[in-house]
Structure formats: structure tokens, C-alpha cells
Amino acid sequence: MRKNSRKWLSMLLAASLAIAFTACGQSGAPAAEKTETEAVESTETGMSTETPEANEIVEDASAAATEGAAAAEASTAGEISAAAEASTAADDASAFATEAAEQAVESIDYMVLVNKNNALPVGWEDVLETVHMTNSVGDDVEVEKKAYDAYLRLKEDLEKEGIYVDLDSARRSVAEQERIMREFTEKYGENYAFKTVARPGYSEHHTGLALDLYLIIDGVDVVLNEDMVQYPEIWEKIHQKLPEYGFILRYLQGKEHITGYGYEPWHIRYLDNVDIAKEITESGVALETYLGAAADPYVEIDYGTSQIYTQEELEEAVIRIKCEFASWEGCELHKLSYAGDEANNAENLEWLNDHEGGGSYTRAAEFLSDFHSPVQAAGAWEPDEEYKDYQWWLARTDGGDWEIVDYGY
């Protein structure tokens, strides 16, 4: 039997601690569109280099906040969740505009942290120096100047060993990210857009320091994620050389609850410091942990036993949860456990399909988590407390990817 999470969600909304769903790895976008880690985090043609005016952002934020307040009166947990997501987007836009009016960076910081909780520093795009290149498939790619120089040296070194790569994407402006968000919202709806597209201002690709590679195997461009992962031995050789040129592998396997993204062997990050790059690589920590922005506790994963789901399916569900958890700034994940096959029943499927205006899920899964709240907590979290058996409800269609539909007590 499922527990009632509406009380929790009401507390969440009342405390204004809303967490927007964002993509992690393969997010189940329609076949015609790439996922956040591909098209939304990759293709860079015709981009603008200007950030929208602050007053326009504030106006958008005001409209979104009004809509979020109206939706807050919704009676179902799904509607409350949607309202919380809209409110979060409004808060982000408003905060970004306010900060823009107060300060701006004078030069870029190669150790900057941009992720789901940390926005691109204001004024970054004004001082960023970039170059453009055309890759082997004819796409224009924009890269921060020093990062591109280092990439060329890395590329030359790899070619000596018979490994050939090219740049799939690098810099994408905040304005371009906003355009993608609007496009997905108009095409698929607000909820889907929030789950699939990185929030404008919070994508590492804004920095120009994040580079997505693709492989060239026997003269053939291998650009699709599902194809590139078929060459782990090549990626291992590439990763070994990254620190020598000031790069790190950004999204590590097993660190999804810290970085917010699934393992991406092609996504590298330039730090402009060989010693630091080597230190981070040798320690095996994520950039967040090295910079002191997130702890890296051991996470116990208990997949239990299942007669209906494969180990791979359960692992995909765990990664989905961990990616979402990364948005919970200051929280430390300690354990995730599969609750058992009994959660996949008609009653729970009916309940999950009633969320967010109705769904067509055919499978359900419940996971339980233990995590610690920040010492200086706010909103719905009790400070410095270990939360036990906190529920996560996921659902999927036949052949589809897992979606987090509900969470709470």
C-alpha cells in the first residue's frame, strides 16, 4: 500500500522548497528530438551571444509566479508538483535578473561551478572569449579560446595512438537555452519541458568550458550516445589523457546524486590547471566535491529481488532518483532500496496515472531512501536530521524510460 505524500507536498509548497525535474542521461524524449544530453546539451548552430534583458526576465518571472500561485490551490499531489515546478522556474529567473543588476564578473574563473544548483555568473557571456570551428559533420561549434587550444593538443596526442575524436558541442548561450525551453514547452507542455531541458542559466555548456566529444571509427562519425557507449575501451584511453591537458571527466559513473547527470564518457570539462585536473582525476571525486560544494558519502544501494524487473531496469531507476536528488542542495544521500514487486499493482498504477492530468503508465516501482538534511536547513527540511524510508514512486510505459511521478512520506 502506498503512503499518503500529500501532506509532505503541501509542506513543500508552503515552505517554497520546490524542486524542478531535470534530465539525467537518457530521459525518454520523443524519437524526433534528442535528450537534454544530446540536442539540448549539444547542437550549437545560430546561437545568440546576448543574455535577455533583466526586465524581460522579471516580467516572465512575475507571470510564472502568478500562474504558480493559482496552481497552488490544486487539490491533487500532481497538480501541486506542477505548481511547485512553475514557481521554481519563476524564482530562478527573478534571482538571475536581480543578481545581474547588482554585479558582473570581470573575467572568467576556470574553476567555476555551474550545475543544477549554481547559475552561470552574471556577466560571464560579456567577458568570455570564444572561437568557432566546423566539425566533421558540418556543424558550427563555439568554444572558449584556451579550452579549444588545449583540446587541439589533446586531439593531436590521441591521433598518435589511432584514436580520432571531434567536437559535437561546447558553448551554448543562455538565450539559446531559453529558446530551447520555450520550444519544448510549446511542443510538449510545461511539465515535459521542465523534466527534459536544463534550466536556462544552469547548464555547464553556458561556460564554453564544457566540451562534448564524439568518436570517428574507421572514418565513420559515431555521434549518437547509444552508439558511443559501445566503445568503453576507447573512452578509457581518452580519459587517461584528459588531465595532461587540463581536462577532467565531468559526469562520473556512480556520482549522479552529486552531479545531477548520468555517466557521460564524452562530456569533458576544461580547468586550465593540469595539477588540479590530475588531483581530481586521481581522487575520483566530482568537481562539486573537490570545490567543497557537496559531500561524497558512501551510498548503499539495495536492489533486493524482483521477478518483474531486470537488474538493468532497477539500475536505471536508481540513476533517475540520484539525478533528481542532486537538486536537493546540502542533502546527503545514504541509502536507496527497492521496496519490492508488490508496489506494481492496479491501485498504485491508477493513482500514478492520475498525476499531472493523466498518464498511460503500465509499470510502477517504489524505492525507499535514507538521507541527511543540511545542518542549516530551511523550508520543509528539519535541520541536521536523518530521514528514513523516504518514498520515491516511479512509473514507465512498456518500453519507455522511468519517470519520477511522486515522492515523500
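Leaving aside neighbours within four places in sequence, Ala-293 is in contact (heavy atoms within 4.5 Å) with Leu-113 and Glu-288. The model is predicted, so local features are reported only at pLDDT of at least 70 and side-chain atom pairs only at pLDDT 80 or more, while totals for chains, interfaces and linings use all residues. Residues are numbered from 1 along each chain as its sequence is written, and side-chain values use heavy atoms, with hydrogens and water left out. Ala-293 is found in the loop between α12 (287–290) and β8; helices (H or I, at least four residues) and strands (E, at least two) are DSSP runs, numbered from the N terminus. Ala-293 counts as partly exposed because its relative accessibility is 46%, where buried means under 20% relative accessible area, exposed over 50%, and partly exposed in between (1.4 Å probe, protein chains only).

The protein chain contains 14 helices and twelve strands. Of its 409 residues, 52% are buried. Among contacts in the chain with a separation of 6 or more, 69% are made by residues 24 or more positions apart. The accessible surface amounts to about 17,800 Å², and carbon and sulfur atoms contribute 47% of it; accessible areas come from the Shrake-Rupley method with a 1.4 Å probe, and for residues only the protein chains shown count as cover.

An open sheet with mixed pairing is formed by five strands in the order β8-β9-β10-β11-β12; two strands pair if DSSP finds at least two bridges between them. The edges of this sheet are β8 (300–302) and β12 (403–408), each of which pairs on one side only. From one strand to the next, the twist averages 25°. Strands β8 and β9 pair in the parallel sense over three bridges, and Asp-302 has Ser-337 in β9 as its bridge partner. The chain passes from β8 to β9 through helix α13 (residues 311–325), a β-α-β crossover that is left-handed; a crossover is right-handed if, with the strands pointing away from the viewer, the path from the first strand over the helix to the second runs clockwise.

Strand β9 (residues 332–338) and strand β10 (residues 363–372) run antiparallel and are joined by six bridges. Leu-333 has Phe-371 in β10 as its bridge partner, and Glu-332 stands opposite His-372 in that strand. Ser-369 also belongs to β10. This residue counts as buried because its relative accessibility is 1%. Apart from neighbours within four places in sequence, Ser-369 is in contact with residues including Leu-333, Lys-335, Leu-336, Tyr-387 and Trp-392. Helix α14 (residues 346–353) lies across β10, β11 (386–396) and β12, running at about 85° to β11; axes are lines fitted to C-alpha atoms, for helices over the stretch in contact, and angles run from 0 to 180 degrees between N-to-C directions.

The largest nonpolar core comprises 41 residues, of which Val-143, Tyr-151, Leu-167, Leu-211, Leu-215, Ile-238 and Phe-247 touch the most other members. Such a core is a set of buried Ala, Val, Leu, Ile, Met, Phe, Trp, Tyr and Cys residues joined through side-chain atoms within 4.5 Å. Two or more residues are given to this core by each of β2 (140–144), α5 (145–160), β3 (165–169), β4 (210–217), α9 (232–241), β6 (247–249) and β7 (267–270). Not counting residues up to four places away in sequence, Ile-238 touches Leu-158, Ile-163, Val-165, Leu-213 and Leu-215. A second, separate core of 24 residues includes Tyr-303, Ala-365, Ile-404 and Tyr-407.

Positive phi values were also examined. Most residues other than glycine have a negative phi. Asp-272, in the loop between β7 and α11 (274–283), has a positive phi near 60°. At 29% relative accessibility, Asp-272 counts as partly exposed. Asp-384 has a positive phi near 50° and lies in the loop between β10 and β11. With a relative accessible area of 45%, Asp-384 is likewise partly exposed.
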